[in-house]
Amino acid sequence: MITKFTGLAKKLPSPLYKLAAQSWIDYDFPRHIFIETTAKCNLSCEYCPREKNDSHMDFSLFQRIVDECNQYGPRSFSLHLFGEPLLYPHILDAIKYIKEKDKRHTILLTTNGTVLNKFIDQLVGLKVDRIILSWRRNNFTAHTLEQLKKIGMVRLLVEETPKEEFEKWKTFPRVEIKHLHNYGGNIDVKKWGLQNDLSDRWPCYHLWLAPAIRWNGDITICCNDPNGKEVIGSYSNNFRLHTVWNSGHLARMRESHLQGRYKGLCVGCNSWKAYPDIFFSFQKKNGHPTTNFV
């Protein structure tokens, strides 16, 4: 099945969708956590805003983060930001650690696939919930492709994927077609023929659902912050994610988004377009959601 996200679908989610999305918000602790297990990558994609960095997250820090998350019930984890997660020396131990803490935790791996042949059996065996393969030219074995069909999704970027690849992957069980976004304004999408349209903005879901933790323990507001411009706390300074998630600073950022006022990294960002608007107009007018809906 090919999933193609359109601007119209994003702008006009149903009231039921909004109600369901808001019911999933947990103001005590985030539902989804991006953990940058490694900043190292073996590719140099033109559209990637990352700074060259081969640093890995200390495994004891990773365990500390997961231990805290585990206190709040089943959570969802993405084990990447701007590095290739399968280059993390402890990636298999990291997956095991999460699943052993609570088998209800879900794990997503977004990978360029360059070393997937080596890891595919172990990832399936460890019950990774979803592998998102960002398309690159790779020499996958037939076995890897069969295994990938079980838990994989192929992501094709319209601006980067050769036309013949769309035909090649059309029979794969799960295909996602997306456009490039500007990573918090850090890349100029006009180079790929796209417009950096920031009109009709809506609040970004990351502030309510999905913060990110960089390889060094810095906590930032989302996964589109390659250089740590919006760090709101750090494990290295004895912060905890729970403290940051409940901070007045983040509450003010949420209210600012609801009122249509954007600051810092959010000013030039267009990544919010990748997800639907989950709030009603009266909530945005008031500056905060009502407790009747969350």
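Analyst: In helix 2 (residues 15–23), the buried residues are Lys18, Ala21 and Gln22. Their directions span an arc of only 95° around the axis, which puts them on the same side of helix 2. The opposite face, turned away from the buried side, carries the exposed residues Leu16 and Ser23. Buried means under 20% relative accessible area, exposed over 50%, and partly exposed in between, with a 1.4 Å probe and protein chains only. The arc is taken over the directions from the helix axis to the C-beta atoms. Helices are DSSP runs of H or I with at least four residues, strands are runs of E with at least two, and both are numbered from the N terminus.

This is a predicted model, in which local features need pLDDT of at least 70, side-chain atom pairs count only at pLDDT 80 or more, and totals for chains, interfaces and linings use all residues. Residues are numbered from 1 along each chain as its sequence is written, and side-chain values use heavy atoms, leaving out hydrogens and water.

The buried residues of helix 2 pack against helix 11 (281–286), where contact means heavy atoms within 4.5 Å.

Helix 5 also has a buried side, made up of Leu116, Phe119, Ile120, Leu123 and Val124. These residues cover an arc of only 135° around the axis, so they lie on the same side of helix 5. Lys118 and Gly125 are exposed on the face turned away from it. The cover over the buried residues of helix 5 includes helix 4, strand 4 (106–111), strand 5 (130–134) and helix 6.

Two packed helices are described by the angle between their axes and the distance between the axes. The axes of helix 5 (residues 116–125) and helix 6 (residues 142–151) come within 10 Å and cross at roughly 40°, which means that helix 5 is oblique to helix 6. Axes are lines fitted to C-alpha atoms, for helices over the stretch in contact, and angles run from 0 to 180 degrees between N-to-C directions. Angles under 35 degrees count as roughly parallel, over 145 as roughly antiparallel, 65 to 115 as roughly perpendicular and the rest as oblique.

On the helix 5 side, the contact uses Leu116, Asn117, Ile120, Asp121, Leu123 and Val124, which meet His143, Thr144, Gln147, Leu148, Lys150 and Ile151 in helix 6. Just after helix 5, lysine 127 takes a positive phi of about 65°.
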